[in-house]
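Here is a friendly briefing to read with the model open beside you.

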Amino acid sequence: MNILVCGGAGYIGSHMAKMLSEQGYQVTVFDNFSTGNRWAVKWGQLFEGDLLSKKDLKKVFERNSFAAVMHFSARSLVGESVKKPELYYQNNVIGTLNLLETMQRAGVKQFIFSSTAATFGNPTSDRIDENHPQQPINPYGWSKLMVEQMLHDLASAGRIDSVSLRYFNAAGADPDGAIGEAHDPETHLIPNVLQSVSGGKQLQVFGTDYPTVDGTCVRDYIHINDLCNAHLLALKYLQTHSGAHGFNLGNGHGFSILEVLQAAERVTGQTIDYEVEGRRPGDPPTLVADSALAQQELGWRPEYTELEAIIATAWNWEQNRRKLGL
Ligand SMILES: NC(=O)c1ccc[n+]([C@@H]2O[C@H](COP(=O)([O-])OP(=O)(O)OC[C@H]3O[C@@H](n4cnc5c(N)ncnc54)[C@H](O)[C@@H]3O)[C@@H](O)[C@H]2O)c1
């Protein structure tokens, strides 16, 4: 079975390519390297191309016969999306539409989509399940929700069957330390905490007056391999379930920023200094997933439920990354 992994040079896509290869799937990575890394493409064949080029898409589908598409490609910086919304609608919505059209022409019907907690906007409950209203508060969230809507309409028309997986905060790295998170700029908490230890990067904590356990924002961190495992289960689910499905993926435990820092201190054995800044607009106090539906329907169980275990894999990667000069 050949799986097209769009965005396979990125953080999550590269882990997916590795897991698929290890499970015996053939993998084709399609990426334009706008935010991905060449060194991260180690599994399967590479096709360098852009979702905004219908020619590139036509070529990759003509040269291969795909059983399914996993779509990780996107721009995904909330702040950037507020400043440059057209970039987000073009890349994330038009790019995905191009991909879905090309798939249909090639007779490929199964699609797994990287959606996000950002489609829910401000939470109206402690835990966010699939019935929570989807009311994004930024163009990034809207661009992902628009794709979810297209997938519903395509399923109703009997054209594409899909699973949209709404990730909360992806974290950690494959335990073998060969790949991991390397965004530029890095906006995610755990790599920034670890880079403050290993590279002296100044760490900032935005807001210490939220109504949470210690005043800092609470988030749900889900290990990258647990996320990838959910994609394998979604692929199997599509063999027996037509339509458009959506599942929230988190490990169901919220951790405050200060709890993350304390866990990182225990993992690294170092003291972590930080500066306190004001709140960032659009940061809700708490975002925690209810993943009961994914557990029930996909049979998914996150293995990394302890924060320290997640951070330990990210720390292993951070040290290797420095050694390799990546
Ligand atoms: N990282 C998270 O915590 C998180 C949380 C929720 C959802 N997501 C979603 O998961 C997906 C993967 O996230 P990530 O952190 O791995 O991001 P990433 O930036 O590391 O990876 C995205 C990949 O897509 C490629 N890409 C982007 N636009 C493209 C285009 N037009 N044509 C071809 N390739 C293109 C990039 O070069 C990159 O390799 C994204 O869709 C993101 O929105 C991520």
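The largest nonpolar core has 95 residues, and those touching the most other members are Val5, Ala68, Val69, Leu249, Val260 and Ile311. Helix H7 (residues 224-240) contributes the most to this core, with 8 residues. At least three core residues come from each of domain 1 (2-171 + 221-249) and domain 2 (189-220 + 252-324). Please keep in mind that this is a predicted model, in which local features need pLDDT of at least 70 and side-chain atom pairs count only at pLDDT 80 or more, while totals for chains, interfaces and linings use all residues. Residues are numbered from 1 along each chain as its sequence is written.

**Terms for the core**

- A nonpolar core here is a set of buried Ala, Val, Leu, Ile, Met, Phe, Trp, Tyr and Cys residues joined through C-beta atoms within 7 Å.
- A residue is buried if 20 or more other C-beta atoms lie within 10 Å of its own, exposed if 12 or fewer, and partly exposed in between, with C-beta atoms placed from the backbone.
- Helices (H or I, at least four residues) and strands (E, at least two) are DSSP runs, numbered from the N terminus.
- In soluble globular proteins, nonpolar side chains tend to be buried together.

- Beyond its neighbours within four places in sequence, Leu249 is in contact with Leu165, Arg166, Tyr167, Phe168, Ile222, Leu227, Ala230, Ala289, Ser291 and Ala294; contact requires C-beta atoms, placed from the backbone, within 7 Å.

- The domain assignment gives domain 1 (2-171 + 221-249) and domain 2 (189-220 + 252-324), with bounds that come from an automatic or database domain assignment.
- The C-alpha centres of domain 1 and domain 2 are 24 Å apart.
- Their contact takes 26 residues from domain 1 and 25 residues from domain 2.
- On the side of domain 1 that touches domain 2, strand S7 (169-171), strand S9 (218-223), H7 and strand S10 (244-249) each supply at least two residues.
- H7 has the largest share of that side of domain 1, with 6 residues.

- Strand S1 (residues 2-6) and strand S2 run parallel and are joined by 5 bridges; two strands pair if DSSP finds at least two bridges between them.
- S1, helix H1 (residues 11-22) and S2 form a right-handed β-α-β unit; right-handed means that, with the strands pointing away from the viewer, the path from the first strand over the helix to the second runs clockwise.
- Because 5 of the 6 residues of S2 (residues 26-31) are buried, this strand is largely enclosed by the rest of the structure.
- S2 is also joined to strand S3 (residues 45-48) by 4 bridges, and these two run parallel.
- In S3, Glu48 is the bridge partner of Asp31.

- S7 and S9 run parallel and share 3 bridges, with Asn169 partnered by Tyr221 in S9.
- S9 pairs with strand S11 (residues 254-256) in the antiparallel sense over 3 bridges, and Gly254 in S11 is the bridge partner of Asp220.
- S9 pairs with strand S13 (residues 286-287) in the parallel sense over 2 bridges, and Leu287 in S13 is the bridge partner of Arg219.

**Around the ligand**

- The ligand is surrounded by 27 residues, of which Gly7, Gly10, Gly36, Ala74 and Ala170 are the closest; a residue is near a molecule if its C-beta atom, placed from the backbone, lies within 6 Å of it.
- H1, helix H4 (85-106), strand S5 (110-116) and S7 each supply at least two residues of this shell.
- H1 gives the largest share of the shell, 3 residues.

- Pro85 has its place in H4 and counts as partly exposed because it has 15 C-beta neighbours inside 10 Å.
- Asn92 also lies in H4, and its 23 C-beta neighbours inside 10 Å make it count as buried.
- Asn92 is 50 residues from Trp142 in sequence, with 9.8 Å between them in space, C-alpha to C-alpha.
- Leaving out neighbours within four places in sequence, the contacts of Asn92 are Ala74, Arg75, Ser143, Lys144 and Val147.

How values were computed: Two residues are in contact if their C-beta atoms, placed from the backbone, lie within 7 Å.
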